[in-house]
Amino acid sequence: MAERMLKFTVTPRSTPEKRDAAARKGDFHEIYADFIDAKASEQAARCSQCGVPFCQTHCPLHNNIPDWLRMTAEGRLQEAYALSQATSSMPEVCGRICPQDRLCEGNCVIEQSGHGTVTIGAVERYINDKAWEEGWVRPLVAGPDRGQSVAVVGAGPAGLSAAELLREMGYAVTVYDRHDRAGGLLTYGIPGFKLEKYVVERRVQRLADGGIAFRLGFEVGRDATLAELRERHDAVLVATGVYKARDLEVPGAGSMGVVPALEYLIAENRWDFGDEVEGFKDGRLHAAGKHVVVVGGGDTAMDCVRTAVRQGAASVTCLYRRDRANMPGSVREVAHAEEEGVIFEWLAAPRAVTGEALKAAGLRAARMRLGAPDATGRQAPEEIEGADFELKADLVIKALGFDPEDLPGNFQAPDLGVTRWGTLKTDFRSMMTSVPGVFAAGDIVRGASLVVWAIRDGRDAAQAIHRYLTAHASADALMAAE
């Protein structure tokens with residue numbers, strides 16, 4: 001039924017209906033509606049079915065995008081879902097939060113020809129939400145018991161993806177996480193208007209129903225050392241992510257009213273779960289009535305500015321030292337923020353947090369310009385002398401990125417090797433750390449990155465652990481036979 005495809009020349013690009021900015025600013029619900037069946041089929045049919053699918057090659061998971069677009073266009077939705085989930089542990093999550101404009105959609109051939117990209121992310125979300133609604137998502141079924149167990153430290157996307165595959169292979173899997181809910185940053189770091197929490201909770205519940213054990217509120221180093229976990233299990237996967245906030249190194253950065261982005265986002269997400277949040281009671285982590293300045297230009301900064309809008313801030317400004325074209329955050333997210341009233345100060349960098357009695361009241365910033373390109377072609381920002389300006393700021397949020405925590409110290413594992421950036425050092429092929437039987441995956445290896453890369457790394461780590469444990473089981477059997 002190939003005649004259904006290649007409709008990009010007669011069918012314009014269309015995205016699911018987006019809620020009006022004035023309405024969506026008042027809540028934390030997702031801003032896009034789902035495609036209706038006919039619209040999903042129509043938009044999927046725009047795919048050109050090109051011989052070299054750049055959408056697929058530029059997807060970290062190498063999802064078979066052209067084929068499940070064709071199946072969607074033909075109304076074969078259950079088959080489309082099956083193909084979608086064959087390469088991704090969380091396709092409905094990726095459909096919502098992947099920066100498709102930089103990955104699959106950004107490399108769509110018809111986008112390059114000026115016809116507008118296929119709305120890949122929206123179709124991915126549609127077919128997978130449909131699968132949950134129709135009961136096509138099958139329970140996790142463990143493979144034949146191998147008599148070996150794996151500890152997964154970290155219940156974020158890398159850890160959960162690895163746990164799922166390992167359980168399907170027949171391993172006993174226990175996931176340890178220091179938070180009281182699984183999901184990592186999917187649960188506590190990403191606001192509901194991008195990813196409503198039931199999407200994560202149903203995925204976690206499927207894993208728990210499949211026999212994966214969750215030990216939440218468990219901190220490695222406090223409740224057990226890494227060595228003790230190694231004694232309890234045949235292998236350990238470290239997938240903690242990176243949580244240490246980069247600091248704002250200007251005068252007044254220690255003032256009351258200057259807070260890390262993740263602390264701010266976690267507080268809102270906890271409140272949305274119905275938890276008691278101390279920072280909300282005293283107002284320290286709530287933007288209501290305040291002039292908010294978020295320093296940074298990534299997706300976390302966009303999460304913060306849009307959260308502040310919903311909390312009722314008097315004004316919200318994003319300060320970024322480069323220009324719009326060089327902003328690391330998603331173009332789509334920047335547009336959403338502007339629609340919701342966020343002011344962007346491009347080419348501006350903080351110089352000092354001002355105020356009295358160590359309480360933030362303003363931010364002094366310097367105007368910047370982009371200098372000559374370096375060897376990589378990237379232009380470094382330079383200050384423009386005499387061009388400082390002042391902003392009102394009762395709440396300054398630091399969204400400057402994340403670094404790894406001191407895992408060798410925290411885990412009481414001084415022999416756990418790290419790189420000069422503090423990420424865990426692993427063998428490229430085996431994904432094993434310097435500690436035998438201890439593997440690592442996700443942001444704790446590659447540095448702060450995308451959810452889709454964490455999923456890819458987790459799936460790769462599961463295969464690496466399987467090879468390691470299979471080899472050990474064979475060696476043990478040989479020794480027993482002798």
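1. In this predicted model, helix H2 passes helix H4 in a left-handed crossing. The residues that make this contact are Ala-40, Ser-41 and Ala-44 on the side of H2, and Leu-69, Thr-72 and Ala-73 on the side of H4.

2. For H2, which covers residues 37–44, and H4, which covers residues 65–73, the axes come within 7 Å and cross at roughly 135°. The two helices are therefore oblique to each other, since angles over 145 degrees would be needed to count as roughly antiparallel.

3. Helix H9 runs over residues 157–168, and at 1.5 Å a residue its 12 residues should span 16 Å, which agrees with the 17 Å between its end C-alpha atoms. H9 is also mostly covered, as 11 of its 12 residues are buried; among them are Pro-157, Gly-159, Leu-160, Glu-164 and Arg-167. Just after this helix, Gly-170 takes a positive phi of about 105°.

4. Thr-119 lies in the loop between helix H7 (109–112) and helix H8 (120–134). Leaving aside its neighbours within four places in sequence, Thr-119 is in contact with Arg-13, Ser-14, Thr-15, Phe-35, Gln-43 and Glu-105.

Methods
Residues numbered from 1 in each chain as written. Predicted model: local features only at pLDDT ≥ 70, side-chain atom pairs only at ≥ 80, totals over all residues. Heavy atoms only, no water. Helix = DSSP H or I, 4+ residues; strand = E, 2+ residues; numbered from the N terminus. Expected span 1.5 Å × (residues − 1). Buried < 20%, exposed > 50% of the residue type's maximum accessible area, 1.4 Å probe, protein only. Axes fitted to C-alpha atoms, helices over the stretch in contact; angles between N-to-C directions. Parallel < 35°, antiparallel > 145°, perpendicular 65-115°, else oblique. Left-handed = near helix turned anticlockwise from the far one by under 90°. Contact = heavy atoms within 4.5 Å.
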